[in-house]
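Open the model in your viewer and keep the selection tool at hand. The stops below follow charged side chains.

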Amino acid sequence: MKTTLSPVVAGTMNWGVWDKNLSVAEMANLILVCLENKITTFDHADIYGGYTTEATFGEGFKQSKIDRTKIQLVSKCGIQHISDNRPNRIKHYDYSKEYIIWSAENSLKNLKTDYLDVYLLHRPSPLMQADEIAEAIEKLKKEGKILDFGLSNFTPSQTDLIQQKTKVSYNQIQFSATHFEPMVDGSLDHMQIHNIRPMAWNPLGTIFREDTEQTRRLKKLLARLVEKYHFGSDIILLAWIMQHPSKIIPVAGTVNVARIQQLQKASELILDKEDWFEIWTESMGSKVP
C-alpha cells in the first residue's frame, strides 16, 4: 500500500449530470472546499455521469491550480454502462487486459493527471480472469500510471481469486449502520486478515432517505446521542463506521459545504462502547447475539 488517503473521502458520483450537475467552476470550488477541510481524496468511477463526470472534474482540478501531490485520486473501471457515450447494447462488465489499460489511460486523460493513486475494479464479473487482470495492473504500476490497486463490491472468495495473482490493497463495499452485513458475514474479517483497507460507499445508509421501522428506531436513538456528544447525526454515523478495527474509510457523497466542513470531525469522535452497540442493536431491532 503506497497511498495514504484522507480519513473521509469525497465521493464524486453525485457531482455531475447524474445529480447536482455542477459546472467546471463549481467543481473547482468544491475541490478547494474539501481541501480546506482536510478531505484530500476524491473517489471517481469512469461511468459516473454516463462517462462524463471525470472530465468535468479534471477541468475543475486544472482550473483550481492545486498541486497534484496535495490530493489523491481514486477511480474504477469495468462496468460497461448503457450510455450515449458508449456503444453498449446491454449493461455488462469488461476486465480484459486491453480494456483495463485503456480505461485507466482514459481516466488519466479526463482527470488531467499522470497517475491514479488507487485504481479499483468496480464490480466482480463471472468472466474475469485473474491472470489477465494481474497483467494489466502490473503493467499500469510499472509505467507509474497507478500507485495502488483494489476492488469494489467483491466478496472474500472473489478477492482471493484476484489476490492470488496481484496484491489487493483496498475493497470499497456498501457499509453503514443500516447495511452492516459485511461486519457479520466475514467480509471485514477477511480484509483485516489480508491487510486490505475497506472503503464504505453509502456510509449513512438509508437513515435519511427511508421511513421504516429500522430508520425510526435509529433516528430516535440518534436524537439522544446528538445531545450527548454535541455532533450531528451524520457525524455520529460516520464515527460508528470508523470505530471498526478494520479502519474503514467512509466515502461521503455530499456537495453541501456546511456538511463538508463537519465531516472530518467524525475521525475525532470516539463513541462509548455501549452507545456503539446500541446503534447496532437499534438497526437490527433486537439485542446482539
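With which residue does E143 form a salt bridge? Select E143 and K145: they form a salt bridge, with the closest N and O atoms 3.1 Å apart. A salt bridge here is a side-chain nitrogen of Lys or Arg within 4 Å of a carboxyl oxygen of Asp or Glu. This is a predicted model, in which local features need pLDDT of at least 70 and side-chain atom pairs count only at pLDDT 80 or more, while totals for chains, interfaces and linings use all residues. Residues are numbered from 1 along each chain as its sequence is written, and side-chain values use heavy atoms, leaving out hydrogens and water.

E143 counts as partly exposed because its relative accessibility is 39% (buried is under 20% relative accessible area, exposed over 50%, partly exposed in between; 1.4 Å probe, protein chains only).

Next, select K76 and D43. Their salt bridge has its closest N and O atoms 2.8 Å apart. K76 lies in strand β3 (residues 72-77) and D43 in strand β2 (residues 41-43), so the pair, 33 residues apart, links distant parts of the chain (helices, H or I, at least four residues, and strands, E, at least two, are DSSP runs numbered from the N terminus). Both K76 and D43 are buried.

Then go to K228 and D272, another salt bridge, with the closest N and O atoms 2.7 Å apart. K228 is in helix α9 (residues 213-229), and D272 is in the loop between α11 (257-263) and α12 (273-284). K228 is partly exposed at 41% relative accessibility, as is D272 at 38%.

Finally, a search of the whole structure finds 14 salt bridges.
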